[in-house]
Amino acid sequence: MLYGLLDQARERSVRELSSVRAQGGPGGTHQARLERDISASEQARRLAQLDRTERGLCFGRTDDEKQATLYIGRIGLRDDNYELKLIDWRAPAARPFYAATPRNPVGLVRRRHIYTRRRQVTGVDDEVFDLDKLSDEDRSTLSGEAALIAAVSSARTGRMADVVATIQAEQDRVIRADLPGVLVVQGGPGTGKTVAALHRAAYLLYTHRRILERRGVLVIGPNATFLRYIGQVLPSLGETDVVLHTLGDLFPGVHATDTRDPAAVIKGDERMVRVLQQAVRDRQTVPKQDVTVNADGVEIPLRREAILRARDRARSTRRPHNVARRLFVTELLTELARSEAKVLNRPLDEEDLPDVRARLWDTNGVNAALDAFWPLLTPEMLLSALLGSRQAIRSAAGSVLDHPERERLTRTAHPSRWTVADVPLLDEAAELLGVDDSAQKAARRAAERARRAEQEYAQEVIDSAIVQGMEVSMTVGQLGMLDAEQLSDWNTTGGVAFSTAERAAADRTWAYGHVIIDEAQELSGMAWRMVLRRNPARSMTVVGDVAQTGSPAGATSWKEMLNPLVGRRWREERLTVNYRTPAEIMAVAAAVLATVSDERPPESVRSEGVGPRVIRVPSASGAGADAGQGAQALAACVAEAVRADLAEIGGPDNGRLAVIAPDAVIGVLAAAVPEAIPGDQPESLDSAAALLTVSQAKGLEFDRVIVTDPSGILSQSQNGAHDLYVAITRATHRLTVVHEGDLPAPLATLDA
Ligand SMILES: Nc1ncnc2c1ncn2[C@@H]1O[C@H](COP(=O)(O)OP(=O)(O)OP(=O)(O)O)[C@@H](O)[C@H]1O
């Protein structure tokens, strides 16, 4: 019956789409074109949404104490009488399906999971909260619990899948938490933080569509591989107004991927705000004595005193550098106009001043001279000039950073080859520099007037019968209605080309309605400042695990990181159950965790009955055995282990494998194990085996994992133990450890 309704909804959309298209090309009145564009785009979007719900359309059923039965699914569906037959998983009525526990069944008598393959029901799985209240017939069809275990044990595909059918009560609390404020979701590896955060995005867009569709939701992940890994979850949940970014591409126009910046800790330190402020001031220069400026062949004297006064005045406005520059330039042009009149022995009327200033400004000599005192700067210019010069760093950071810190910051070669740690600095610089947009502002005011006229017109369109007809068809699938503002945006941007997501991604100052930050423990103080600028409303979901922090600039506690930034306006939810890693592997991970953190390891939801496997590399013996040979021997062992694992997995449809290794041996391993595709290649996730550094493996999971050289992982950074904890907790089934020499102490039990 439900698939029948889905087909009907689809047919309706196809019909409407073709009838809209049949109305012809670009002709007709302005109003007709507008209506056609909107209608076609909405119908296409609706169709895409309906197509995505084909698999597992309905996955749940609830029976409550009042004998009401509801079916829960990926979208809401109504029959011809407008009766709701399938409840969207995000609707309030679906909540008991997720929230009920044996202790607090929230009015439910039974929760049923429904399994389907294509359009066939293949099984059901019941949880009964009150057997007495079930009818005899229902009692006779009861079935056991297995939905979650089946879901978490299944082979991995290289992409994260949605879990709408099996969201657990503690995750549901996170997903449906209120929109305002900062929600921190702390949980160990595999507790579903990422999956819960993405479902939260879908839930928020559904529940607060009016606000969020216009402002968009920003999801920040640790790297491009991770974004690819989670990229399909949201579309499958039916959401498109979401922008996915890494920290490296939050500054429009820059795509930084390099995370290995020796100065990352200093660049992440909030003291850099003062360094950048001073770097900007250092660019506002005053010569040591009076100068002359050449204006079309006339040498005009300019007093040092006047430059100093103009600078002080411009600074005292406290406007950003490029904005205050207008005042500086105007002051000095006035000074030059007077000085020129004196040189040429000509009178100067006050009312002629604006014209004279404009003429002087148009001469190359004046322009260049004033630019040298107070240049127009881009963030990129400011930062590359700073990082590329020891002298500039000394001047800007002399009182803030000590000598070794300043030395580490200096990058005389390729100062504008941006690393991820540079991006928050560029963003900070953009704030300090500002944009002199007085010319654009005038244009914008004119555009705004035009826009208001459009808006009034669009309101009339909404009120018209045709668009009211659309409303009926759209609300069937819970598509939000367009408001007058959206309609006019649509019109002024020339049609459907710019979605909220596209406009937001291109605009550094875009204020998102909600921001979700995954692996948030990795953010430095400067990175937080950049992210907070994207969300002045402070409506955020901060997801992470302070026990997995790899970056030395990252967080060791949420309190220390967040209190200075948002005060006490944050609350914490904890996730405690591990859905990924079997108990046998988690026991090893727990021993590693205990060496560095008081955080409790999460409880595994299942065990495999098989412990981790250990392979010891035969020692390279004899005189002349060196580090190179050691690495070759290690690589040979890993190659053998990879081939054995791949043979056991028996094809990419049955699961995935990852080799996780210290950064230093990735090159050797890439040569020795060509089956494993390095993580910096986009196809890595789609291959049967991936070769990853720990930072590339963050947030990902694989059926089998070969952790290579644990001692190397431990010693490669000051957060090595956190890295080893991350590496060990990526496996959903089997873990193999390949090592040379003795195992590091926390793994010693594996030798037994
Ligand atoms: N309720 C659930 N039903 C089915 N599978 C789940 C559920 N919750 C989590 N999982 C699965 O558990 C695995 C781990 O989830 P996820 O990656 O979100 O964990 P995480 O807490 O972000 O881990 P990490 O901190 O290691 O990145 C995923 O495969 C996810 O689909």
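Six strands form an open sheet in the order 17-22-21-18-20-19, with parallel pairing. Strands here are DSSP runs of E with at least two residues, helices are H or I runs of at least four, and both are numbered from the N terminus. Two strands pair if DSSP finds at least two bridges between them. Strand 17 (613–616) and strand 19 (676–678) are the edges, each pairing on one side only. Neighbouring strands are turned by 25° against each other on average, direction ignored. The angles are taken between axes, which are lines fitted to C-alpha atoms, and run from 0 to 180 degrees between N-to-C directions. Strand 18 (residues 657–660) runs parallel to strand 20 (residues 689–692), joined by four bridges. Leu-657 has Ala-689 of strand 20 as its bridge partner.

This is a predicted model: local features need pLDDT of at least 70, side-chain atom pairs count only at pLDDT 80 or more, and totals for chains, interfaces and linings use all residues. Residues are numbered from 1 along each chain as its sequence is written.

The domain bounds come from an automatic or database domain assignment.

| Domain | Residues |
|---|---|
| Domain 1 | 1–52 |
| Domain 2 | 55–135 |
| Domain 3 | 173–259 + 500–576 |
| Domain 4 | 268–433 |
| Domain 5 | 583–750 |

The centres of domain 4 and domain 5, taken over C-alpha atoms, are 53 Å apart.

The ligand is surrounded by 23 residues, the closest being Pro-189, Gly-192, Lys-193, Thr-194 and Tyr-579. A residue is near a molecule if its C-beta atom, placed from the backbone, lies within 6 Å of it. Helix 5 (147–153) and helix 7 (193–207) each give two or more residues to this shell. Domain 3 and domain 5 both contribute to the shell, so the ligand lies between them.
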